[in-house]
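Subject: Structure handover

Hello,

Here is the structure for your files. My notes on what turned up in it follow below.

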Amino acid sequence: MGEKQRKLLVLYASQTGNALDAAERIGREAERRGCAASIVSTDEFDASSIPHEEAVVFVVSTTGQGDPPDSFKGFWRFLLQRNLGKYWLQRVRFAVFGLGDSGYQKYNFVAKKLDKRLSDLGATTIIEKGLGDDQHPSGYEGTLDPWMLSLWSTLYQINPKYFPKGPDVMIPQDEMIDLPKYRIVYHKRETLEPKLLAESDIIQRARGMSPGKLSKDTSKPDCFLKMTRNEVLTKAGSTKDVRHFEFQFSSSTIGYEVGDVVEILPSQNPSAIDAFIERCDLDPGSFITVRRSETENSDKEVITEVPIKLKTFVELTMDVTSASPRRYFFEVMSFYATAEHEKERLQYFASPEGRDDLYNYNQKERRSVLEVLEDFPSVQVPFEWLVQLVPPLKPRAFSISSSPLAHPAQVHLTVSIVSWITPYKRTRKGLCSSWLASLTPEQEINIPVWFHKGSLPAPPESLPLILVGPGTGCAPFRGFIAERAVQAQSSPIAPVMFFFGCRNKDTDFLYRDLWESHAREGGMLSEEKGGGFYTAFSRDQPKKVYVQHKMREMSKKVWDLLCDGAAVYVAGSSTQMPSDVMSALEEIVSEETGGSKEIASRWLKALEKAGRYHVEAWS
């Protein structure tokens, strides 16, 4: 009897969907070469069974601050167990592909640590780890393409049984090689029981059916908020539009702490939804359920049996107006193009040669699915494929800028309204922030939200604080300081130093009156309370001044507060700022102690380990 056919396991850990996309691509390419592949998220895989796999490809992303995706944390804890020993994976061959951004200090940190740990446990690398970089002209695919070719040829050398069709396979251009992973079941209206469903049940049903679920997240919103205030914080002449939003709970009230994060599911432009439905020739009023195809593991039946209106499903789960589709979308489109010139262009976009041009047309321009479909009018993609390939509509996360103690039954947010000009001079807007900016309290719209712990734990009142929050990074600290002000009425509180920065004092100084009143006598940031308020206005003088420069000026005071047991909290939206702040602290520590940079760096690492150094950064 011949050897059984080889199989490839692809394990992925994804935060935003890119690693999932890369994992599916690796799986597809393996199957096209005749090798069966299963693609599983690390939080749905039993880590103790890895020793029984013979070939595993790991695809893991690293978030900005070097953190692993949530779905990787349990898996990683398992791998770190001391008792596993250095022969645990001696029969396993593996390869790691990482997705990261070289603009950050801890570039592809998770992939690098995983690669080393697997080797330490006795596993053998198939090929050197691949590191995908957001900064590459064609994103992570710039590294993934050559890395995959090397993976296939090396696996084939190890054992030709992996690829009965050989390591280099040419795809016939005109036949559809893959089947969609989902099927849509249409239901007759009269068979539906007329149930009056709560809004949260509808959202739960739609999002529970959506392929876009990255982890075992809950589809049902924690509650709904209603906007009570929408105020512009920046002044005329600012390059930014930053808003202060206030909300009240419109259903049940959810308890939260300062430093927590709220996720908001935005509404899409109704006319764009109608245009998409018309362009794809769909019936908006039909009732559907979405199921996994028989080809997929049918034990993982996704769905509850209750159908949902097609238009509602599109509105709540498919991002047709703001996110760019993946490369695979163009490949699938090419099979359904009936005009020859469109077919050729789509095939070119989906090929390795067309990769950079696709990147410039698609991601760089942030083309939406609707725009792409309108650019290729001869293409009619079946709804099954659209459900699988249109980017999922994702909730957007914001740092909460209120304190439940100071602002009972309210939630405040400080949001920069995102808009930018693409290389082809098209204005693009952030979906969620521009939607929030367009709302008024009078509309009384119910906004679905989820509450989460962020990476800034609520500090006890006895803990001295050094806060660094330029721009909208000040949001969580508005909550911190408001909370301290309430606590101060009944008990002594520890000192707070706050470093704030923005471009211009006159136009961008967010919450100026609030900070300045706290910096005056007896306030939370006053000198006599042992604290202080320090501002850096980067563009108000010829030489740019940032928060880290102000920290160095206050070197002795920062060091004294650290010696008193202070915790450092850093928040903001810049790539570079958290590492600049870290460097400034290294300089302060080595200067004040007379020790070397290395000793200072070790000291700060220990501070981090002790839970006294927290960073929340957003892109």
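Lys-609 counts as exposed because its relative accessibility is 80%, above the 50% cut-off. Please keep in mind that this is a predicted model. Lys-609 sits in helix 20, which covers residues 597-609, and it belongs to a positive surface patch together with Lys-106, Lys-113 and Lys-605.

On the overall fold: the protein has 20 helices and 22 strands. Along the principal axes, the C-alpha atoms fill a box of roughly 80 × 60 × 45 Å. Of the 619 residues, 52% are buried.

Salt bridges come to 29. Three of them are described here.

- Arg-25 and Asp-145 pair at 2.9 Å, N to O. Arg-25 is in helix 1 (residues 18-32) and Asp-145 in helix 4 (residues 141-158), so the contact ties together parts 120 residues apart in sequence. Both residues are buried. They also belong to a network of salt bridges with Glu-141, Arg-327 and Arg-355.
- Arg-428 and Glu-371 meet at 3.0 Å, N to O. This pair links distant parts of the chain, with Arg-428 in strand 16 (residues 427-429) and Glu-371 in helix 11 (residues 369-375), 57 residues apart. Arg-428 counts as buried, at 14% relative accessibility.
- Asp-241 and Arg-243 have their closest N and O atoms 2.8 Å apart. Asp-241 is partly exposed, at 25% relative accessible area, whereas Arg-243 is buried, at 14%.

Regards

How values were computed. Residues numbered from 1 in each chain as written. Predicted model: local features only at pLDDT ≥ 70, side-chain atom pairs only at ≥ 80, totals over all residues. Heavy atoms only, no water. Patch = residues over 30% accessible without salt bridge, like charges linked within 9 Å, V, L, I, M, F, W, Y side chains within 5 Å. Areas by Shrake-Rupley, 256 points an atom, 1.4 Å probe, with all protein chains shown as cover. Salt bridge = Lys/Arg side-chain N within 4 Å of Asp/Glu carboxyl O. Lys, Arg positive; Asp, Glu negative; His and termini not counted. Charge placed at Lys NZ, Arg CZ, Asp CG, Glu CD. Helix = DSSP H or I, 4+ residues; strand = E, 2+ residues; numbered from the N terminus. Buried < 20%, exposed > 50% of the residue type's maximum accessible area, 1.4 Å probe, protein only.
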